[in-house]
Amino acid sequence: MKSLKKILGLVWMILGPTAMVFMAWQAWDKVSKAEAGVAQTNTALQWGIILLIFIPIAIGLVIFGKYALAGEYDHLPENSEEL
């Protein structure tokens, strides 16, 4: 189980930046294909909000993966006295 946690930690560390790059690429593609004027402004605003919300999520994935890879989750407390 410990090795699975470490492997998944590596997966999370790779998934965070990869998803961020993919979403930025999609945003660039969708905004550039939108019609000029109001439609392009609305599309850019929507994608800007989506990216602003997703950036902390991607950072959290990397942090979570770093801790999993370091073995911080190998022993979880079973009762409140172990905290």
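Which residues make up the largest nonpolar core of the protein chain? In this predicted model, the core has nine residues: Ala 19, Met 20, Met 23, Ala 27, Val 31, Trp 47, Leu 51, Phe 54 and Ala 58. The elements that each give two or more residues to this core are α1, which covers 2–33, and α2, which covers 38–70. Of the two, α1 supplies the largest share, with five residues.

One member of the core, Ala 58, can be followed to its neighbours. Leaving aside residues up to four places away in sequence, Ala 58 touches Gly 16 and Met 20. Met 20 is itself one of the core residues.

The overall fold comes next. The protein chain has two helices and zero strands. Its radius of gyration is 19 Å, whereas the globule rule gives 12 Å for 83 residues; the value for the chain is well over that figure, so the chain is more spread out than a compact globule. The C-alpha trace spans about 60 × 25 × 15 Å along its principal axes.

Contacts along the chain can be sorted by sequence separation. Among contacts with a separation of 6 or more, 71% are between residues 24 or more positions apart.

Of the 83 residues, 20% count as buried, where buried means under 20% relative accessible area. The protein chain exposes about 6,300 Å², and carbon and sulfur atoms supply 71% of that area. As for charge, the chain carries 6 positive and 7 negative side chains. The centres of these two sets lie 9 Å apart.

Conventions
Residues are numbered from 1 along each chain as its sequence is written. This is a predicted model: local features need pLDDT of at least 70, side-chain atom pairs count only at pLDDT 80 or more; totals for chains, interfaces and linings use all residues. Side-chain values use heavy atoms; hydrogens and water are left out. Helices (H or I, at least four residues) and strands (E, at least two) are DSSP runs, numbered from the N terminus. The radius of gyration is taken over C-alpha atoms; the globule rule is 2.2 Å times the number of residues to the power 0.38. Buried means under 20% relative accessible area, exposed over 50%, partly exposed in between (1.4 Å probe, protein chains only). Contact means heavy atoms within 4.5 Å. Accessible areas come from the Shrake-Rupley method with a 1.4 Å probe; for residues, only the protein chains shown count as cover. Lys and Arg count as positive and Asp and Glu as negative; His and the chain ends are not counted. The place of a charge is taken as NZ of Lys, CZ of Arg, CG of Asp or CD of Glu. A nonpolar core is a set of buried Ala, Val, Leu, Ile, Met, Phe, Trp, Tyr and Cys residues joined through side-chain atoms within 4.5 Å.
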